[in-house]
Amino acid sequence: MSTPVKRVAAIHDLSGFGRASLSAIIPIISAMGIQVCPVPTAILSTHTGGFDDYKFIDLSEHLEAYLEHWKKLNISFDCIYSGFLGSPQQIDIISQFHQDCNHNQPLIVIDPVMGDNGQLYQTMSMEMVVKMRSFIEPADIITPNFTEAAFLLNEEYRENISEEEAKKWLCRLAQMGPKTVIITSVPDIPGRRNTEVIAFDSKDGRFWKVKCDYIPAFFPGTGDGFTSVIVGSMLQGDSLPIALDRAVQFISMAIRASYGYNYPHREGVLLERVLDNLKAPVMVSSYEILE
Ligand code: PXL
């Protein structure tokens, strides 16, 4: 039975303060007209980027029963979107959930949230990295940032990468199973501080790139916002390059809307000021195809 609006199971932590994970994902995907059903993997008083002494409640022991109840209710999902996990053990439970939902053929989106700027987040371990490498196998789309891509591929983190090498990274990640690979925060031309988003669709063999403006500020949670727009856009029927454009434009706008104010960046981008823009179609497109 089809649902009046599309429905996403969103498997992430709930961080109470700082506009990351579910606190960002729910408003963004809802604003795009899609129902979000949260599956909290952990509860934190704040995200871990820039806060100390946060309260961390790992919900691993409750995850199976939570999803088991949904299975009994026979809830169908158009998309299963996972991100920050509370422990490596959660991977087996979510893999089982993917299989249980298989008959509805949901879009499986995995954001392998593990680290940034060359380092793992405080609650992450190499065990998570190793398990993540097989977890991504059934995904339709994965969205690692440059750091997470390096960890998945067991590559040294670096400040620069040539276009040829970046394309190889995309192909190697696709060989691990995911049909579409999107890498964010890829360093652009050496010596410049710009970044770009690059993507590979293994179904048609095409590579895409969208350049991102450089703004000298780091706001936690922007990766969650980026992938949320990709999810909303793909479920609305956009092509991959248009989804990339919409996600880059939304995050750039959110950073610009925030940067002019003087407040602690660890509080995240001012989503509340820009959410309405998600209703507008893409007016100017800037994606490029990589030959
Ligand atoms: O935005 C990724 C993320 C998600 N959840 C938690 C985090 C982070 C990044 O720091 O700390 C708890």
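Phe-56 touches Ala-42, Ile-43, Leu-44, Phe-84, Gly-86 and Thr-123, residues up to four places away in sequence not being counted; contact here means heavy atoms within 4.5 Å. The structure is a predicted model, in which local features need pLDDT of at least 70 and side-chain atom pairs count only at pLDDT 80 or more, whereas totals for chains, interfaces and linings use all residues. Residues are numbered from 1 along each chain as its sequence is written, and side-chain values use heavy atoms, with hydrogens and water left out.

Phe-56 belongs to strand S3 (residues 56–58). Helices (H or I, at least four residues) and strands (E, at least two) are DSSP runs, numbered from the N terminus. With a relative accessible area of 27%, Phe-56 is partly exposed; buried means under 20% relative accessible area, exposed over 50%, and partly exposed in between (1.4 Å probe, protein chains only). Between Phe-56 and Asp-224, which are 168 residues apart in sequence, the C-alpha to C-alpha distance is 19 Å.

H1 and helix H7 (residues 222–235) pack with their axes 9 Å apart, at an angle of about 30 degrees. This makes H1 roughly parallel to H7. Axes are lines fitted to C-alpha atoms, for helices over the stretch in contact, and angles run from 0 to 180 degrees between N-to-C directions. Angles under 35 degrees count as roughly parallel, over 145 as roughly antiparallel, 65 to 115 as roughly perpendicular and the rest as oblique. The crossing of H1 past H7 is right-handed; a crossing is left-handed if the near helix is turned anticlockwise from the far one by less than a right angle, and right-handed if clockwise. H1 contributes Ser-21, Ile-25, Ile-28 and Ile-29 to the contact, and H7 contributes Asp-224, Gly-225, Ser-228, Val-229 and Val-231. By class, the contact of H1 with H7 has 5 nonpolar, 3 polar and 1 charged residues. Ala, Val, Leu, Ile, Met, Phe, Trp, Tyr, Cys and Pro count as nonpolar, Asp, Glu, Lys and Arg as charged, and the others, Gly among them, as polar.

Gly-225 is also one of the contacts of Ile-251, together with Thr-222 and Phe-226, when neighbours within four places in sequence are left aside. Ile-251 is placed in helix H8 (residues 240–259) and counts as buried at 12% relative accessibility. Its C-alpha atom is separated by 9.4 Å from that of Val-274, 23 residues apart along the chain.

The contact of H5 with H6 has 7 nonpolar, no polar and 1 charged residues.

Positive phi values near 50 degrees occur in the non-glycine residues Arg-19 and Asn-117. Arg-19 is in the loop between strand S1 (7–17) and helix H1 (21–31) and is partly exposed at 22% relative accessibility. Asn-117 is in the loop between strand S6 (115–116) and strand S7 (119–120).

The search of the whole structure finds 0 disulfides, a disulfide being a pair of cysteine sulfur atoms within 2.5 Å. For Cys-79, the nearest cysteine sulfur is that of Cys-101, 11 Å away. Cys-79 is buried, with a relative accessible area of 0%, and Cys-212 counts as buried at 14%.
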